[in-house]
Amino acid sequence: MGSALLSQWVEGPEAITVVDPAGSEVPDGVTLVTDRSAIADQRFDLVVAAVKPQLIDDILADYTDHLAPGGYVLSIAAGYSAGRLSQLMGDAPVVRTMPNLPAAIGRGVSGICPGPHATSDHVAHAEAFMRRAGATITVDSEEKLDRVTAVAGSGPGYVFEIARAYAEAAMAQGFDEDEARDMVLGTIGGAIAMASEPAAPSLEELRNSVTSKGGTTAAGLNALNGDGGLSTRLHDTLQAAYDRAVELR
């Protein structure tokens, strides 16, 4: 996820340095070093924690001295609380964010939560920084951020699975794989674009606008969710993801 976000962050005016022992490719304009010793005497207004949660204890404490006065840590590590990270880094101000996969193309949704010692300026900067990768929603607790994770962070996986099942059903109607994919993604994309218009009606109103009594859409919707099964399944999906996010934290 760090690489995906970097491709959007690089569009800004900041000088960005990445420390990556693997020497992964970075966008033009980004400084890459493979060892922290290369930045031994440097201080940064923002330190982004973009490592696996299980590695944070072994890695991030060493970066405490690289944070400039007034700076803060932005963590995209799932399952590691802001309080733990702040304590690890000498009571540094921390803001946690939970982006999702479409951030890679600037269409993500990122939850933002201020942690210990984070000021309103830190939060405002984090919001602006993350908006380069899409929309943001700021919450006031990590419990709520876990709920953002369940809805948006994991959400692309649900959407891809729904689209996959939809395309599979289309293939069962006699269409080949490419035809099914094009129709399904075009239909989903068009519907989302309509719902995203500034003056768009509610989702219920949009659904009703295409549903004639006794028509084909009504018959399909009845099979899809007439018994409330789809609604129940989606509720259970989000609850399971939230419960897991709490366990990880």
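A charge is taken to sit over a ring if NZ of Lys or CZ of Arg is within 6 Å of the ring centre and within 35 degrees of the ring normal. By that criterion Arg36 lies over the face of Tyr63, at 5.8 Å from the ring centre, and the charged end of Arg84 sits over the ring of Tyr80, 3.9 Å from its centre. The model is predicted, so local features need pLDDT of at least 70 and side-chain atom pairs count only at pLDDT 80 or more, while totals for chains, interfaces and linings use all residues. Residues are numbered from 1 along each chain as its sequence is written, and side-chain values use heavy atoms, with hydrogens and water left out.

**Aromatic pair**
- The structure holds one aromatic pair, a pair being rings of Phe, Tyr and Trp (its six-membered ring) with centres within 6.5 Å, counted as stacked with planes under 30 degrees apart, edge-to-face over 60 and tilted for the rest.
- The ring centres of Trp9 and Phe129 are 4.6 Å apart and their planes meet at 15°, so the pair is stacked.
- This pair links distant parts of the chain, with Trp9 in helix α1 (residues 2-9) and Phe129 in helix α4 (residues 120-131), 120 residues apart; helices are DSSP runs (H or I, at least four residues) numbered from the N terminus.

**Burial**
- Trp9 is buried, with a relative accessible area of 5%, where buried means under 20%, exposed over 50% and partly exposed in between (1.4 Å probe, protein chains only).
- Phe129 is likewise buried, with a relative accessible area of 5%.
- Buried residues make up 31% of the 249 residues in the chain.

Terms used: Helices (H or I, at least four residues) and strands (E, at least two) are DSSP runs, numbered from the N terminus.
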